[in-house]
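Subject: Handing over a structure, with notes

Dear colleague,

I am passing a structure on to you, and I would be glad if you could look through it alongside the notes in this email.

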Amino acid sequence: MTKNIEEIFEKAGAILKGHFLLTSGLHSPVYWEKFKVLQSPPPTEQLCRLIADHFREQKIQVVAAPTTGGIILAFETARQLGVRGIFAEKTGEKERAFKRGFNIEPGERVLIVDDILTTGGSLRQTMAAVKKLGGEIIGIGVMVDRSEQEMDLGVPLFSCLRAEAVTYPPEDCPLCKAKVPLVKPGGG
Ligand SMILES: [Zn+2]
């Protein structure tokens, strides 16, 4: 299974090799360009099905995600579960909120989804936004878990693929020492 999932990303050209500056400030020889996969409905549908199937018996009522890739995941996972899919947008440096008329009724059973888990920052912000509206967080589903240590977010976490990231602090980066040009990828 793991092999197949990794192949989806490889085939889509989503696993870039080089010298990358991550949003955390760390450097890495690998970057996963998730939109290489998310631009194509079939692999996106396949990954969301794994998440939807994992939580299918949990009576999920809303699927919620942080922007930007999460919008696509929330929509597709929600479609497969037959429920609403909503997304939380940045409202500050470390804050997110549901805008655009989105609502969660107190006690509604919420599944949170996201594309790539690294530091867990956007997931935590989305969890806080759900709790603020009184939603009950049943679990979290991500496409790829790239966190360095397995993360405890306080609710069950399901990942389609676990692929631990290799990162270096800038002052201790072998690629910097080898003078490989540093690239800042993604939309950040
Ligand atoms: Zn470096």
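The notes below go through some helices and then a few individual residues.

Please keep in mind that this is a predicted model, in which local features need pLDDT of at least 70 and side-chain atom pairs count only at pLDDT 80 or more, whereas totals for chains, interfaces and linings use all residues. Residues are numbered from 1 along each chain as its sequence is written.

Helices 3 and 4

Helices and strands here are DSSP runs numbered from the N terminus, with helices being H or I runs of at least four residues and strands being E runs of at least two. Helix 3, residues 41–55, and helix 4, residues 69–81, have axes that come within 9 Å and cross at roughly 60 degrees; such axes are lines fitted to C-alpha atoms, for helices over the stretch in contact, and the angles run from 0 to 180 degrees between N-to-C directions. Helix 3 and helix 4 are therefore oblique to each other, given that angles under 35 degrees count as roughly parallel, over 145 as roughly antiparallel, 65 to 115 as roughly perpendicular and the rest as oblique. The crossing of helix 3 past helix 4 is right-handed, a term used if the near helix is turned clockwise from the far one by less than a right angle, with anticlockwise making it left-handed.

On the side of helix 3, the contact is made by Thr44, Glu45, Cys48, Arg49, Ile51 and Ala52, and on the side of helix 4 by Ile72, Leu73, Glu76, Thr77, Gln80 and Leu81, where two residues are in contact if their C-beta atoms, placed from the backbone, lie within 7 Å. These contact residues of helix 3 and helix 4 divide into 6 nonpolar, 3 polar and 3 charged; Ala, Val, Leu, Ile, Met, Phe, Trp, Tyr, Cys and Pro count as nonpolar, Asp, Glu, Lys and Arg as charged, and the others, Gly among them, as polar.

From its first C-alpha to its last, helix 3 reaches 21 Å with 15 residues, close to the 21 Å expected at 1.5 Å a residue, the expected span being 1.5 Å times one less than the number of residues. Helix 4, with 13 residues, reaches 19 Å between its first and last C-alpha, close to an expected 18 Å.

The buried residues of helix 3 are Pro43, Thr44, Leu47, Cys48, Ile51, Ala52 and Phe55; a residue is buried if 20 or more other C-beta atoms lie within 10 Å of its own, exposed if 12 or fewer, and partly exposed in between, with C-beta atoms placed from the backbone. In helix 4, the buried residues are Gly69, Gly70, Ile72, Leu73, Ala74, Glu76, Thr77, Ala78 and Leu81, and they pack against elements including helix 3, strand 3 (62–66) and strand 4 (84–92). Helix 4 is followed by Gly82, which has a positive phi near 70 degrees.

Thr68 is found in the loop between strand 3 and helix 4, and a cis peptide bond, with omega about 0 degrees, joins Thr67 to Thr68. Thr68 counts as partly exposed because it has 17 C-beta neighbours inside 10 Å, and its C-alpha atom is separated by 8.6 Å from that of Phe87, which is 19 residues apart along the chain.

Helix 5

Helix 5 (residues 121–132) holds Thr126, which is buried, with 28 other C-beta atoms within 10 Å. Not counting residues up to four places away in sequence, Thr126 touches Ala64, Ala65, Pro66, Ala88, Arg96 and Ile112. Strand 3, strand 4 and strand 5 (95–98) are among the elements that cover the buried residues of helix 5, and just after this helix Gly134 takes a positive phi of about 90 degrees.

Arg100, although not a glycine, has a positive phi of about 55 degrees; Arg100 lies in the loop between strand 5 and strand 6 and is exposed, with 7 other C-beta atoms within 10 Å. Lys179 is likewise not a glycine and has a positive phi of about 60 degrees, and Lys179 belongs to the segment after helix 6 (174–177).

Cys176 lies in helix 6 and is partly exposed, with 15 other C-beta atoms within 10 Å. Cys176 and His19 are 157 residues apart in sequence, yet their C-alpha atoms are 8.2 Å apart in space.
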